[in-house]
Amino acid sequence: MTNRAGVIAERLPSIVVAEGPLSDLADVVIRPRSVDEVREVIRIAGERSLSVRTVGSASSRRMPTTRPDVVITTTLLDSVVAYEPDDLTLVVGAGTTLGTIEYLVGGRDQTAVLVDGFPDRTVGGVVSAGDSGYRRLRYGPTRDRVLGVTLVTGYGEIVKGGGRLVKNVTGYDLPRLVTGSAGSLGIIIEVCLKLWPDPPAKVSVAIDDPTFAIDRIHRPSAVLETETGATVHLEGSVPAVDELLQSLDGTVESGHRWPDPLTCPFQVSVRVAPRSMVEAVAAVRAAGASRFIAQHGVGRVDAGWRTGAQPDVGGLRTRIASLGGIVIVTAWDGTSPPESSPMDRGTAAIQERLRDLFDPLHVLTGPNEEGT
Amino acid sequence: MGTSPVSETEGGQRRSVTVRHMGVIDELVDLLGADRVRHHPLDLIIFAKDAGVTSGPVLAAVLPETSGEVAAIVGIARRSAIPVVARGAGTGLAGGAVPAEPGILVVMTRFDRIRDIDPIARTAWVGPGVVNLDLSRELSSLGMHFAPDPSSQQACTIGGNVGTNAGGPHCLAEGTTVAHVLAAEVVTADGEVVVVGSEFPDRPGPDLRAVVVGSEGTLGIVTDVLVRLTDDPPHVATMLAGFESVDAAAATVSGIIAAGIIPAALEMMDRLMVIAVENFVNAGYPTDAAAVLLIEVAGVRSGVEADVATIEAITERNGATSTRVAADEDERAALWKGRKAAFGAVAQVAPDYYLHDTVVPRTRLVEVLGSIYEIASRHGLMMLNVFHAGDGNLHPLVAFDAREPGMLQRVAIAAREMAEASIAAGGSLSGEHGIGLEKRDLMGLVFGSLDLDAQARIREAFDPLGLMNPGKVLPTGSRCFDASGARLP
């Protein structure tokens, strides 16, 4: 090996990934089997000034924006550490896939309410990205379900926060802090999730006016709008869903289904205050999106463009900024992404100190990276 | 219980500290006017403690009205190296708003404005001085409320709720305050006015909002809060069930959750507490039961009715001696009055009380309650229990007379043992009251030195100088590594 990261391959040869789609991501790709191996990689990277990025199964297609020296994939950190159905808690390794989790807890009519439609994504990747499922309108975002977390920090120590408890205010909320931090504070090794009973009845109903649905229907699980129309998603006990249905004039689709996931070569995520959703949807339509999924009541529109139909991101960004929102490019052609909306500047000093304290040698993020 | 800060210092130190403090008070008076800077010895005694058992030295209590004034106060404090401590209504139980060292108490009660209520997004900007129940009353005509409902909700403020990440009975289904705060304007230790969180969802980067909530004023002073509002349910049923044993009540709690029902609230009271409450408010609680459950389910009518039928079958299966469903709003209010008046009712039993707050996995409730009864009995203490059974949040309440020699020490030892019993069962120190001064030195029971060091790093990122409510949440010496990762001596 001639590359700078070769030292890791020499010291930890058994966990190096030599082949496969991930092996092109960096000079060395590591698939650790234990938290101690992750810590060892981070410590070597600190000594040798190597940059390290983490991916789960890489199925979200969100790759590091600059080529790192080392990529860690967490897919072998996939053990089910503890499942307590009566406590509604589940402790799993970061590499556990959403499909595995839902299969396991589904056996007890429970759900982790994570991201819908991506069974191959890892829970560590979802928590790190801060992604949530459509049912967040009713159950809250993913970060409200991360009860505990184990990290390997940028300074190479194993740190735990939170606990295996559905209610807990003991110390600073490290689990929520790292949810959505894109690995900038540490590599997520293990999470404790709060589960919910999965209701027996679920339906989706086509509606005309999503704003009316948000205003008038009692706690729908989601109110979605796509390029083909709007749907309200209801769930609960059978009598409860029946009663909600009677209050609607909409058309019940056969059972329940979510929109097909977006898989366009170019995608953005628009985030606005929920009151501005109608305008945000109009802006995405005007920008010529091939597909979009808008979450009314939440304030998020994810949109995609077909090959060759890349939008005027600058124009969209300006329009969304006038609504007080932001645009983030989540999939793109080529090597570097078009500029997303600027990051939060007000708390820049705090964020910079936080990053320096958790990643003093800039192993996890470069000195000028936003960590997103 | 409070003591004058000046009399606490001694000898040569006393003079220098006093002179420095006098200069600060002059600066504060210049900024706010004399009527908003309180430092009369009586004021200092009043502001020296919260609703718990700790007290601390207050240099002056100030009453700012704008975030600019708060920033200027922080500037004065920084230049003088004097701590600032934020305070709401002072109903906290863990000493979060009690200075650990002589400091400026920033009383936020004048930030009492509610603005920009958005009935579609279900949000509003709320000043930290707004009283919790006043917010929900203000919203009632819109069919919405603020979900966290601590027992002190008639007095406690939204700022205090944010500081402690407060809970309440209805947090079982809805989560504690952090799930109901989307953003907050914060005056940082740098003297800047910043916003953590956002009106839009999923701001990229570390969730600073989530650590500010529950930080007890150690990461900054919150001057405005964007709260998430919750729709009033179209239909509510409140049930009361009596049991011959605490075990049977706890088995009912597990049975309800196992049936796939997360009630809006699921509260337990033991016999002593039921008697105290019944004497006090005549709510119709069964005083012959060893334990009662107060159960509330909410939603659309037919769903609620189905849940009530399921729960009735579960209470029967567990040998309930009585089960009743409140027939109307008056009866429902009476049942809740019994629950909410519980702590006041203890005044009949003894002049003082210590209200504990630990949390355990729901499946370990019976075992930990057994340990807690044993601990109280071993120390010869009278203990009553009223708690959030649905989420395993225990509130052993020790009633005592502080005038009895050695009593406070006995209570403190028993409280520590109860915390240890909870933690041994996989639990933790606090479910909703916070750590403050009271439990700071017990943090090592839950977290290792590396975990506490990481928490100290979070604090350092916000407050490198240690100006904001120092001596709270984390024990001294939590920061055990320097910035390069080398272990400090």
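**Close-up views of chains A and B**

**View 1. Interface of chain B and chain A.** In this predicted model, 85 residues of chain B are in contact with 68 residues of chain A. About 6500 Å² is buried between chain B and chain A, and carbon and sulfur atoms give 61% of that area.

**View 2. Polar and charged pairs across the interface.** Nine salt bridges are counted between chain B and chain A. Arg300(A) forms a salt bridge with Asp202(B), where the closest N and O atoms lie 2.7 Å apart. Across the interface of chain B and chain A, 30 residue pairs are in polar contact. Elements that give two or more residues to the side of chain B that touches chain A include α7 (171–174), β9 (193–197), α9 (246–258) and α11 (301–317) of chain B. The most comes from α17(B), with 11 residues.

**View 3. Open sheet in chain B.** Four strands form an open sheet in the order β1-β2-β4-β3 (chain B), with mixed pairing. At the edges stand β1 (37–38) and β3 (84–87) of chain B; each has a single partner strand, so one side of each is left without a neighbour in the sheet. β3(B) pairs with β4 (residues 103–107) of chain B in the parallel sense over four bridges. Arg87(B) stands opposite Val107(B) in β4(B).

View 4. Over all chains, the structure holds zero disulfides. For Cys192(A), the nearest cysteine sulfur is that of Cys171(B), 18 Å away. Cys192(A) is buried, with a relative accessible area of 2%. Cys171(B) is likewise in no disulfide, and the nearest cysteine sulfur, that of Cys156(B), is 11 Å away. Cys171(B) is buried at a relative accessible area of 4%.

Notes: Residues numbered from 1 in each chain as written. Chains lettered and ligands numbered in written order. Predicted model: local features only at pLDDT ≥ 70, side-chain atom pairs only at ≥ 80, totals over all residues. Heavy atoms only, no water. Disulfide = S-S within 2.5 Å. Buried < 20%, exposed > 50% of the residue type's maximum accessible area, 1.4 Å probe, protein only. Pairing = 2+ DSSP bridges. Contact = heavy atoms within 4.5 Å. Buried area = accessible area lost by both parts, 1.4 Å probe. Salt bridge = Lys/Arg side-chain N within 4 Å of Asp/Glu carboxyl O. Polar contact = N/O pair within 3.5 Å; in protein donor to acceptor, adjacent residues only side chain to side chain.
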